[in-house]
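Trainee: I am new to this structure. Please pick one part, go through it closely, and place it in its surroundings.

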Amino acid sequence: MTESNVLTQEENLRENRAVEAGTYEEKVLVRVENLRKYFPIKAGFKKNYVQAVDNVSLTIRKGETLGLVGESGCGKTTLGRTILRLYEPTSGKILYDGVDITKAKMLPYRRKMQIIFQDPSASLDPRMTVGEIVGEAIDIHKLAASKAERTEMIESLLAKVGLNTEHSNRYPHEFSGGQQQRIGIARALAVKPEFIVCDEPISALDVSIQSQIVNMLEDMQKEETLTYLFIAHDLSVVRHISNRIGVMYLGSLVELATSRELNRNPLHPYTQILLSAVPVPDPKVSRSRKRIVMQGDVPSPINPPSGCRFHTRCPYAKAECSAEVPPMREVQPGHFCACHIV
Ligand code: SF4
């Protein structure tokens with residue numbers, strides 16, 4: 001079986017699932033326009049900024065999973081958290097369901113927009129029982145009319161994520177990593193959200209547990225018409241779960257396309273390098289592939305390279321690359337890329 005056959009099967013499965021569920025709509029749920037998030041730091045007497053997210057624009061459609069990939073420290077998590085306004089944006093706009101929420105009061109939107117964290121053990125309060133953790137959001141948003149209804153809601157959420165009623169009285173440290181992540185997912189689902197930022201939800205888990213969590217997230221998306229921003233550094237996971245994929249490098253979005261298109265026709269040199277590093281199960285295909293090795297280290301986001309931020313490591317860099325920032329252009333319908341030579 002060739003590599004492209006493997007991808008086709010995965011892609012078809014994913015698209016069939018979306019079509020079956022009737023979840024993939026054209027309606028834009030989240031729109032981000034020229035978003036920047038700079039963190040101030042002090043270097044001696046000089047004030048400086050970590051340019052974690054720089055001028056990112058994208059849309060997330062209702063019912064879709066938008067994957068976000070890139071090396072550690074490229075700004076994926078910061079972008080996800082800024083969209084949720086857990087970090088205040090430095091500039092730019094965030095629109096949710098057509099409403100500008102960049103400066104809005106967030107309490108009504110906290111119910112609609114949730115997050116699943118990377119490290120489940122660090123994101124669960126060790127002094128609270130599982131029932132208290134899941135019930136907290138129900139209380140804040142006054143979603144249960146009585147104590148009995150609250151208990152019923154907690155039990156049904158635990159059942160939904162594969163835990164049982166007795167787990168409600170236990171503490172997070174009594175659970176494995178996979179179970180702790182299930183508790184985190186139950187907590188996110190407690191408020192019946194529409195949009196969830198899945199911030200590397202499986203990278204801290206054993207490989208054997210990862211697929212269980214991914215399958216559960218996919219099943220829940222089908223049942224509840226959820227929209228995901230799925231952040232990961234592992235492109236093989238992201239392309240399995242995502243309808244479209246955005247690639248980030250040093251705070252900037254460099255390419256955005258459907259999962260199928262990005263796998264078959266990666267245009268940005270950075271995406272090509274990332275894809276060449278994804279392992280292929282067939283040893284014959286694996287041997288015939290050319291692995292592109294990236295030069296050097298990621299530059300500092302405090303003082304990023306001029307022009308194209310990737311020019312210090314790009315094998316195709318030309319003189320204009322360090323002088324001018326390449327604009328994000330729609331190279332083919334729905335396929336966007338920021339590179340001077342594409
Ligand atoms: Fe490489 Fe230039 Fe394209 Fe940047 S703009 S990715 S440096 S070719």
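Mentor: The term to have first is pLDDT, the predictor's confidence in each residue, on a scale from 0 to 100. The model is predicted, so local features need pLDDT of at least 70 and side-chain atom pairs count only at pLDDT 80 or more, while totals for chains, interfaces and linings use all residues. Residues are numbered from 1 along each chain as its sequence is written, and side-chain values use heavy atoms, with hydrogens and water left out.

The protein averages a pLDDT of 88, and 90% of the residues score at least 70. Over residues 1-9 the pLDDT stays under 50, and the model gives them 11 contacts beyond four places in sequence, a contact being heavy atoms within 4.5 Å. Residues 15-23 also have a pLDDT below 50, with 13 contacts beyond near neighbours in sequence. Where pLDDT is low, the predicted coordinates should not be read in detail.

The part to look at is the pair α5 and α6. Helices (H or I, at least four residues) and strands (E, at least two) are DSSP runs numbered from the N terminus. Helix α5 covers residues 130-140 and helix α6 residues 147-160; their axes come within 10 Å and cross at roughly 115°. Axes are lines fitted to C-alpha atoms, for helices over the stretch in contact, and angles run from 0 to 180 degrees between N-to-C directions. The crossing of α5 and α6 is right-handed: a crossing has that hand if the near helix is turned clockwise from the far one by less than a right angle, and is left-handed if anticlockwise.

On the α5 side, the residues that meet α6 are Val130, Gly131, Val134, Gly135, Glu136, Ile138 and Asp139. Their partners in α6 are Arg150, Met153, Ile154, Leu157 and Leu158. By class, the residues of this contact are 7 nonpolar, 2 polar and 3 charged. Here Ala, Val, Leu, Ile, Met, Phe, Trp, Tyr, Cys and Pro count as nonpolar, Asp, Glu, Lys and Arg as charged, and the others, Gly among them, as polar.

Val134 leads on to the largest nonpolar core, of 56 residues: with Ile185, Leu217, Met220, Phe230 and Val247, Val134 is among those with the most contacts inside it. Such a core is a set of buried Ala, Val, Leu, Ile, Met, Phe, Trp, Tyr and Cys residues joined through side-chain atoms within 4.5 Å. Buried means under 20% relative accessible area, exposed over 50%, and partly exposed in between (1.4 Å probe, protein chains only). Beyond four places in sequence, Val247 touches residues including Val69, Leu262, Tyr270 and Leu274. A second, separate core of 28 residues includes Val32, Val56, Leu68 and Ile94.
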